[in-house]
Amino acid sequence: MIAFVGLVIGVVVGLILQPTVPVQLQPYLPIAVVAALDALFGGLRAKLDGMFDDRVFLVSFLSNVVVAALIVFLGDQLGVGAQLSTAVVVVLGIRIFSNAAAIRRHIFKA
Amino acid sequence: MSTPPRTTPRTRRPDESMTLITEVMNHPLDPGYAEAAARRDTRTRRPAGHLAYGLVAVALGTLATVAVISLRAPSPAVVAARDVLVKQITARQAHADQLTRDITDASDTIAALQSQALAERYPGLLKTIEDDSVASGAAAVTGPGLVVTLTDADDAVDTDGTVDADKRVQDSDLQLVVNALWASGAEAISINGQRLTATTAIRSAGSAVLVDFVGLASPYTVDAIGDPDDLHDRFAASTATDQLDVLQESYGIRTTTKTADHLALAGGGASTLYSATPLD
């Protein structure tokens, strides 16, 4: 639970401070956000499944963002940045969709 | 007859070739959650761990929010880039203006030095240069002369905005007048303040008439310095006057001609040195 509370505090801090992102990091932001969304939905589903764990949630969140950014970075270096970005978005998109469906079943029982 | 029971320990899954998709579709939840739930009962967590998780969560939330904000509003970077460009353009323009002023100042200085140097040693040469600069249009001149004004027809631009090019003064009309004035004995000519030098072109670009690459608009005032009466008589007798009459009758382009006691014509800008030979 402390992870969600901390996350909310972090969102508020980010909204208030609004620091600027270095230009070098700009290309990785979209993928990082999608990865963060995936971790968020995963955590929400785990919560509804009754097996939420702060540690797993935070580690999956962090590793998702880092790995996604790393893949894009690698793709950029190899000249296939756009394709790898698409791959990451497809996989994470499917996961988000499935988790959202599970959450929906939990809430609406349908 | 009975079929033998399938006793093979490992049967090939029908979707084995699609394990990646199956994995993604059926197990979207991180397996770590299940493992953590399984071992949760076996140990208790220290309070320090909670604090660390909280801090990491705050950091992650901040990062994600900052990422979303900067993605949602890419305009600051674009605006900043445009501001930089605008600043550069303004700075370069100011620099170019400054350089133009420098050139003008340097030209004046050169002219003054030239006059000074030549006045002592070669007064005859200085006289030639002054005469030539008047003839070439480099020097500003004043004197009596003739003023010819050409004006577009009133209905050159229709009410719906279409332009009838035939009813506007064209570059060829101005060329005609200028050549007739030269032939009539004009010593210096300018059109709407643009001095005609030895290398000035009268052209048209689209609907605009360019004199020395400066766009001019109707009415066109052609100032010619020379003996007013002589200019007037000879210009009136030239073929240009006949053609101007045709322009007026056919297209409504109006022309007025009048003598002036005092005309001031600006110089034609900095002269360019194309060739030089040493004295003596």
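UniProt positions are quoted in the numbering used here, with feature names shortened, and the annotations may be inferred rather than shown by experiment. The model is predicted, so to speak of a local feature we ask for pLDDT of at least 70, side-chain atom pairs count only at pLDDT 80 or more, and totals for chains, interfaces and linings use all residues. Residues are numbered from 1 along each chain as its sequence is written, chains are lettered from A and ligands numbered from 1 in the order in which they are written, and side-chain values use heavy atoms, with hydrogens and water left out.

Figure 1. In chain A, the unreviewed UniProt entry lists residues 27-44, 56-74 and 80-103 as "transmembrane region". Residues 27-44 of chain A are 89% helix and 0% strand, with 27 Å between the end C-alpha atoms. For residues 80-103 of chain A, the figures are 96% helix, 0% strand and 34 Å. Helices (H or I, at least four residues) and strands (E, at least two) are DSSP runs, numbered from the N terminus.

**Figure 2. A salt bridge between two helices of chain A.** Here the side chains of A:Asp38 and A:Arg95 meet, at 3.2 Å from N to O. A:Asp38 belongs to helix H2 (residues 29-49) and A:Arg95 to helix H4 (residues 81-108), both of chain A, so this pair ties together parts that are 57 residues apart in sequence. A salt bridge means a side-chain nitrogen of Lys or Arg within 4 Å of a carboxyl oxygen of Asp or Glu. By that rule, the count over all chains is 6.

**Figure 3. Where chain B touches chain A.** Contact, taken as heavy atoms within 4.5 Å, involves 30 residues of chain B and 38 residues of chain A. About 3,000 Å² is buried between the two chains, 73% of it on carbon and sulfur atoms; buried area is the accessible area (1.4 Å probe) that two parts lose on being put together, summed over both. How many salt bridges link chain B and chain A? The count is 0, and 1 residue pair is in polar contact, both residues at pLDDT 80 or more. On the chain B side, helices H1 (19-26), H2 (31-39) and H3 (47-72) each give two or more residues. H3(B) gives the most, with 17 residues. By class, this side of chain B has 19 nonpolar, 7 polar and 4 charged residues. A polar contact is a pair of N or O atoms within 3.5 Å; within protein, one must be able to donate a hydrogen and the other to accept it, and residues adjacent in sequence count only if both atoms are side-chain atoms. Ala, Val, Leu, Ile, Met, Phe, Trp, Tyr, Cys and Pro count as nonpolar, Asp, Glu, Lys and Arg as charged, and the others, Gly among them, as polar.

**Figure 4. The open sheet of chain B.** Five strands line up in the order S3-S2-S7-S1-S8, with antiparallel pairing. The edges are S3 (194-195) and S8 (254-265), each pairing on one side only. Two strands pair if DSSP finds at least two bridges between them. S2 (residues 188-191) and S3 of chain B are joined by 2 bridges, with B:Ser190 opposite B:Arg195. In the loop between S2 and S3 sits B:Asn192, a residue other than glycine whose phi is positive, near 45 degrees.

Figure 5. S4 (residues 202-205) and S5 (residues 208-211) run antiparallel, joined by 4 bridges, with B:Arg203 partnered by B:Leu210. Their hairpin has 2 residues between the strands, and B:Gly206 in the turn has a positive phi of about 65 degrees. S5(B) then pairs antiparallel with S6(B) over 3 bridges, placing B:Val209 opposite B:Leu216. This hairpin also has 2 residues between its strands, and B:Asp212 in the turn has a positive phi of about 55 degrees. A cis peptide bond, with omega about 0 degrees, joins B:Ser218 to B:Pro219.
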